[in-house]
Amino acid sequence: MLDLLKSFSSTWAFIPHEHCDLWQTNLIWLHIISDGLITLADYSIPVMLVYFNRQRSDNRFKGIIWLFSAFILGCGTTHAFEIWTLWHPAFWISGGLKAITAIISSVTAIALFSLIPKALAMPSRDQLEASNLALTQEVEERKRIEVELQHRLDFDQLVARYSTQFIQLDSQSLSSAIEQALEDLAGFMGVEHCFLFKVTPSEETFSLTHAWATQDFIPPRTLIEIPYAALPWGMTQLLSGQVLNLSSIAQLDLEQSQDQTFWQDLRIKSVIGFPLHIQGIFLGWLGFASYTHEQEWSEQTVQLLKMFSEMLTHTLHREQVEIDRRHAQAQLQNLFSKTPSLNCTAGLDGYFQLLSPSFCNLLGYPMDELLKHPFLDFVHPEDQALTLAEVENLSRGSNTIGFENRYRCQNGDYRWLSWHSTAILEDQTIYATAVDITERKQEQMELTQKNRSLKLLADLTLQIRQSRQIDEVLQQTAKGIQEFLQTDRVLVLQLTPAGCLARAESVLPEQSKIVGQEFLDPCFATEYVDKYQDGTPAMIVDVSTADIHDCHRDLLQTLNVKSNVIAPIFQQDEIWGLLIAHQCDAPRCWQDLEVDLLKQVADQISVGLAQWQLLNQLEGLVEERTAAFLRSESQFRSLFAAAPDLIYILNPMGLIQTVNPAVIDTLGFSEQELLQHPLPELLTPDCQALCKQGFQDLGDQGVHRQEMNLHCKNGSMITVDCSCKLVNTDDDPFILVLQRDISKQKAIEALKDEFVSVVSHELRTPLTSIHGSLKLLGTGNLGDLSSQGTQVLQIALRNTDRLSRLINDVLDLERIESGRVVMSKQHCNVSDLMIQATQDMQSMAMQNQVMLRANQLDCGVFADADHITQTLTNLLSNAIKFSSLGGQVYLTASVQGQDVLFEVRDQGRGIPQDKLMKIFERFQQVDVSDARQKGGTGLGLAICQQIIERHGGKIWAESEEGKGSCFYFTLPKSTD
Amino acid sequence: MTQKSILLIDDDPDIQAIAEMGLSMLTPWKILMASSGAEGIAIARQEKPDAIVLDVMMPDMDGLETLKQLRAASETHDIPVIFLTAKVQSSDRQNLYIAGANGMINKPFDPLTLGSQIAGFLGWPALKH
């Protein structure tokens, strides 16, 4: 190896290198060309590298590139000397160059060695490409963000700009600004059409208020008004405050189909709407529509537009509020300017804010004058405290209703105003309306004055009428009038033959008193008084200028009178005196009311004078009457005390107030035991119920009468006939009860009944035996009688019949007269009664060959049918008995006013005129033989009379001797 | 046909005689006689007459009381009773009817028509004279 290395450095093997080329031309040329090309390349590479280095100043490998440039230049030079040395053996130079090149190469190699780790650390190409791509994307993202930021910035600027504009602009400019904003937003959103819909007052449709569309786009005409119903889904979204974001109309859900149809009809591809909601009020919505393509709006855009729509909502709401406020204000202004009412607004600070012209007109101030002063300055000083209190109440939220105060007019007068006010505390404003009640107040005051005057007149009249102290009354009268008229003096002057006398006076302390003084002046009797003869009052407004007699003026000036009013007082058509009011400090124009009062009081004094005179006359009369009354009362008391009947006076409740001695004597109770006790407690239980009914009758009819049984203190019982009368005195009604003790009478009646009953039985029983025996004898079954015996038997039979009838009639009459026969009255048909009677009497009529005729009357009477039939049969029986053979008896009835008139007419012998009345008496017959011949008892007509009278009717007879008789009776017609 | 019986109660022997004579003479009835209410009730219970003719005013027990007792007893309560009365007042007659009287014949009565009157009240066949 060492040998090998020595060979290289030894010279023995050295040969010129041309010899290496073997002197072959081609070979030499090959070397020459190759070396030449290498030289050329090696010289151009450094140039490029130097150029590179110079161009890329940031190149981190500049040093190594310089070294490479130097090394390649050295290499190129060595190759150039290879060519050179072919012809010129400058091998030292060539060697020297190679050495330099070697050094540079070595340095380069060493430098490269140190650079290798750095070079290896450098990214690879793929890495660089990836890095480059990432960088590119980042750059793009940054660009996008930058664009978005710019977008946001632009929008924020847009919103900020419009916010400022919207706040500052008036309504009209605001509209333009909104349209400009819509244009800007449409551009921002990249849509063709942008619109603003507001809710209509009906709240069922939206109405287009603002819109913008791109120049080359004509928006659909139908998009002017949208009914809620056209967009059911969209409306729900918007009303609930959500954004209506329809990026693809074509891809809506089924539930949105109606909305989809609506939008598709408008050829809208995408639409987004923002609700305008504020304080729960839905104002409308802001919409953006794309007609050419579908659009997806980013969340950010949506948020930005929501911000804008909120800002727009506030603006629109404020605008609406402002419109409403202006409208209200305009209305208020209109109301204030046109209304005749007195309207105003005022601040709680105490100043008017707005006044209706009528208010200014009423008070007479220009409006400015009223506005620049506190309203309290115009209020009457007496009303200011109340007014202030009322304003305080208003400021606490109360309302004023009918508050009244006085406002000063420019001319100094005051007008009464009645206020109705309310305060809006948010505005610190009082809204008030007033009514001018000045005239009413004046009327009220006049009325009050009139009332006072009437009351005074009434009081004075009462005093005059009630009192007999004439001077005291006149004094009171003068005082009352002086206080009412607020005058210095009121005087009552009485005329005397020589002048006049001051009878009464009421005068202020500073004026001289003249009461009791007599003014001896003859002119009182003539000039002064004459003018009052017609009763008219007179007044002097100002004594100094009045056209009056000198003597009168002198008198008035003596009394320091400046003005007066005078009314005459009359007594029996003559002037008795004068009622005078004096005003001493100044002339006075007396009001009509005052003059009237004076006259009326003077008239009342006149009446009083007449009354006093009359009273004096009456007094004597009254004394006489009182004495008479006392006598009468004494007589009555004696009668009351001595009366055998029981007399009670009860109060309306039935409590005993007074009894006469007969009550105490009869019943045995003391007066104390009876007073204040109910009268019914004295009655037996069965009578108490009757008494209750009696009190009712007393209330209805005022009187009542019935029989009653009373308990006495000793346990015995008495029967009384009790009469009660309700006496209605003005203020103290009472019941007068009169009881007559009929116990003995009742006992006698009972005895009589018993007697009649016994007599009836005891007479009839033997009569029955006699009559029966005679009848049996008459049959012939007990043996035959001679003709004389038969005749005697007939006489006996006839007389027993007569005796039997007589007994029956006597008993009948007695019972009817005593009232023990009760007439059972009821509605009866007249024809029925007549038919019954004629049927009963038909056989008798036929026996006597008398024709019985009767008419029909379909009418009712209120009667006891049996007794009326008995009456009719009795009358018919008489008529038949007294008719001649073949005669006719007529029974007729007719209505005569409220009665039915019955008539029994015969054609018999008639009744003498002197007997016509007597025949109704007992046992009175026209002929004494009639009883025997006609079989009458002489009691039939008496019984008939009793029966008819018990019915409230009348019975009488008319007759013409020889032509017949006619018996009439009447019965009350029944109303059924 | 069984013979009908009539009980005549009257305290007056003359009336009894007249009535019995009249009825016997003109009717086929069996005539029973009693002179007081008590006796009449006893006979009525025993004999059960078809009808009783009763005087109103009698000593001891009057006709009204007799009727009440007849009506109260089961044996006699359904025997028709006709009163002979001198009372003509309607209230008296009304009281007798209320007490259960079947008829009323006034005194003085006609002995010749007494039977017909009784038969009329009781609804018995008319008598042949």
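1. Start at the end of a helix. H17(A) is followed by A:Asn560, and the phi of A:Asn560 is positive, near 65°. Keep in mind that this is a predicted model. Every value below is computed from that model.

2. Now step back into the helix itself. Helix H17 of chain A covers residues 550-558. Its buried residues are A:Cys551, A:His552, A:Arg553, A:Leu555 and A:Leu556.

3. H27(A) is followed by A:Gly952, with a positive phi near 80°. Helix H27 spans residues 940-950 and is mostly covered. Eight of its eleven residues are buried. They are A:Gly940, A:Leu941, A:Ala942, A:Ile943, A:Cys944, A:Gln946, A:Ile947 and A:Ile948.

4. What do the buried residues of H27(A) pack against? Two of the partners are helices of chain A: H23 and helix H25 (865-881). Two are strands of chain A: S28 (955-960) and S29 (964-972). Remember H23, as this helix comes back in point 9.

5. Look next at a lysine. A:Lys441 lies in helix H14 of chain A, which runs over residues 438-466. Is A:Lys441 buried or exposed? The relative accessible area of A:Lys441 is 15%, so this lysine counts as buried, the cut-off being under 20%. Beyond its neighbours within four places in sequence, A:Lys441 is in contact with A:Glu404 and A:Trp416.

6. A:Cys194 has 0% relative accessibility, so A:Cys194 counts as buried. A:Cys828 has a relative accessible area of 6% and is buried too. How many disulfides does the structure hold over all chains? The count is zero. A disulfide is a covalent bond between the sulfur atoms of two cysteines.

7. Turn to chain B. This chain has five helices and five strands. From the N terminus on, the elements run β-α-β-α-β-α-β-α-β-α. Chain B has 129 residues, and 50% of them count as buried. Take the contacts in chain B with a separation of 6 or more: residues 24 or more positions apart account for 61% of these.

8. Where the chains meet, 20 residues of chain A are in contact with 19 residues of chain B. The area buried between chain A and chain B is about 1800 Å². Carbon and sulfur atoms give 67% of that area. On the chain A side, A:His761, A:Thr768 and A:Leu776 lose the most area to chain B. Together these three account for 31% of what that side buries.

9. Which polar links cross between the chains? The count between chain A and chain B is one salt bridge. B:Asp110 forms this salt bridge with A:Lys775. Their closest N and O atoms are 3.2 Å apart. Two elements give two or more residues to the side of chain A that touches chain B: helix H22 (743-779) and helix H23 (787-818) of chain A. H22(A) gives the most, with 14 residues. The residues of that side divide into three nonpolar, twelve polar and five charged.

Conventions. Residues numbered from 1 in each chain as written. Chains lettered and ligands numbered in written order. Predicted model: local features only at pLDDT ≥ 70, side-chain atom pairs only at ≥ 80, totals over all residues. Heavy atoms only, no water. Disulfide = S-S within 2.5 Å. Buried < 20%, exposed > 50% of the residue type's maximum accessible area, 1.4 Å probe, protein only. Helix = DSSP H or I, 4+ residues; strand = E, 2+ residues; numbered from the N terminus. Contact = heavy atoms within 4.5 Å. Buried area = accessible area lost by both parts, 1.4 Å probe. Salt bridge = Lys/Arg side-chain N within 4 Å of Asp/Glu carboxyl O. Nonpolar A, V, L, I, M, F, W, Y, C, P; charged D, E, K, R; others polar.
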